[in-house]
Amino acid sequence: MNRKRRFALLLAGLMALSACQGKVPGSSSSEEAPAQASAQGSQGSQEGPSSSREISPEEMAAKPLSQGDYVEDAEGKKIYQGQGTFFDTFDTVVTLTYFAPDEETFQKYLTYTHDEFLRLHKLYDNYHEYEGLTSVMTVNRLAGQGPVEVDPDLFDILEFSLDHYEASLGKVNIALGPVLSLWHEAREAAGAHEGPGDEDQGSTSGKEVRLPDKSALEEANRHTDLAKLRLDKAARTVAFEDPKMALDLGAVAKGYATEKVAKGLEAMGLKNGLLSAGGNVRLFGYHPQGRPWKVGVEDPKTNDRDQALAAMKMESGSSMVTSGDYQRYFIVDGKRYNHIIDPGTLYPATLYPSVSVVAEDSGLADFLSTTFFLCDKEEAARVLENYKEQGIDLGVIWVDFDNRVTTTDNLAGALEVRD
Ligand code: ADP
Ligand code: MG
């Protein structure tokens, strides 16, 4: 996310907060706007800000912003309802709404959330290396020469991604790195759109806008065989049988981190709240004021958070994750190329503008939102069947290019679609 966009989002977020006067966006009742499960986007308003408060990028990066107030729960007991936001992880905005016994406890949860997101962001980063830590980029540099010991939270996500590879028909391959980096370079060279606010970039920027070379994509794809990824559980090491292999955890990292942090918070005692990281929303417990939690499905055409296409009434402790084509893309000859690559064609998916997955586990919901984004309806039925056999209940929400919304049968009663 570029600095300009981060700054705009920050101010917009602050305005949204002050407009709410203690009501927290995201902890929504039927009268309030639901939290957004946008694809990679923010929960804040997408409008250009007009706030006069100047906040330096340093101040923004230093610590999360927060505000809150004491409110009454359904039994009339006082609780602290706080909201925090930070901008420095996973290239997105993380917003959380927690209900805590007091402000001090809320701040403890917020600090933990920020620290953990930062740590996991670094571990799962395939574009940077960090002092004193083995990131995915470090693994990519070294694992072709022999086993590399990694942090348990990196080892676990690799194992998780391997475990789900077959059930999801091989659509999400964390070893697709060599292919994905060619698309990444093409997007960067084009000054890719990162959603609303970056509309001045992309094909109109005068930068070089071209697709990756087909033969380069095919050559890169020779080094994406997941069977050549060697994990040694006892030694907690990773090795590549093919030295040109490279990992990219983009399809699963944000949701996996969200679930990991959520579990940590639950262990610390957090009972009620909502954690939103870009297109990943994870709920905790119940809304203490007796309302249902609702999460919005963004309109891929407008991205307007006040005009969600549909609102999903969520079960306690569940997650909703969206993959979409409208936040990260570039345009060549009038055609939009998004960031989710079909391993069969080596080109971006073209089936839907947005697909959301509802599941208990936020990591699985993220892995599968990318999977279903790449699956036609017949393939999706097979994936759903595979998970049903494992006793895992999933809900899917598809948006088509005419903004028509369809869902798996199990969600029909919980989804309100805008007229
Ligand atoms: P977002 O990161 O925008 O929330 P997704 O969860 O759908 O969206 O993940 C998209 C990211 O996943 C891409 O930026 C890329 O890093 C990675 N990716 C794209 N296609 C694949 C694929 N077929 N297999 C594995 N990873 C992929
Ligand atoms: Mg995903």
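Biologist: Why is aspartate 151 called partly exposed?

Modeller: This is a predicted model, and in it aspartate 151 has 27% relative accessibility.

Biologist: What makes arginine 119 and aspartate 151 a salt bridge?

Modeller: Their side chains meet at 3.7 Å, N to O. The cut-off is within 4 Å. Therefore the pair qualifies as a salt bridge.

Biologist: Why does the pair tie together separate parts of the sequence?

Modeller: Arginine 119 lies in helix α3, residues 103-123. Aspartate 151 lies in the loop between β5 (148-149) and α5. The parts tied together are therefore 32 residues apart in sequence.

Biologist: Which residues are linked with these two in a network of salt bridges?

Modeller: Glu116, Asp153 and Lys260 are linked with Arg119 and Asp151. The structure holds 21 salt bridges.

Biologist: How do you know that glutamate 159 and lysine 233 form a salt bridge?

Modeller: Their side chains meet at 3.0 Å, N to O. That is within 4 Å, so the term applies. Glutamate 159 lies in helix α5, and lysine 233 in the loop between β6 (229-232) and β7 (237-240), so the pair ties together parts 74 residues apart in sequence.

Biologist: Is lysine 233 buried or exposed?

Modeller: Its relative accessible area is 56%. Exposed means over 50%, so lysine 233 is exposed. Glutamate 159, at 22% relative accessibility, counts as partly exposed.

Biologist: What separates glutamate 218 and lysine 214?

Modeller: They are four residues apart in helix α7 (residues 214-221), so about one helical turn separates them.

Biologist: Why is lysine 171 called buried?

Modeller: Its relative accessible area is 11%. Buried means under 20%, so lysine 171 is buried. Lysine 171 lies in the loop between α5 (152-163) and α6 (177-189).

Biologist: What does the side chain of lysine 171 reach?

Modeller: The side chain of lysine 171 reaches the backbone oxygen of leucine 374 at 3.5 Å. Beyond neighbours within four places in sequence, lysine 171 is in contact with residues including Pro343, Thr371 and Glu379.

Biologist: How do you know that β13 and β14 pair?

Modeller: Four bridges join β13 (residues 329-332) to β14 (residues 335-338). Pairing needs at least two bridges, so these strands pair. They run antiparallel. The bridge partner of tyrosine 329 in β14 is asparagine 338.

How values were computed:
Residues numbered from 1 in each chain as written. Chains lettered and ligands numbered in written order. Predicted model: local features only at pLDDT ≥ 70, side-chain atom pairs only at ≥ 80, totals over all residues. Heavy atoms only, no water. Buried < 20%, exposed > 50% of the residue type's maximum accessible area, 1.4 Å probe, protein only. Polar contact = N/O pair within 3.5 Å; in protein donor to acceptor, adjacent residues only side chain to side chain. Contact = heavy atoms within 4.5 Å.
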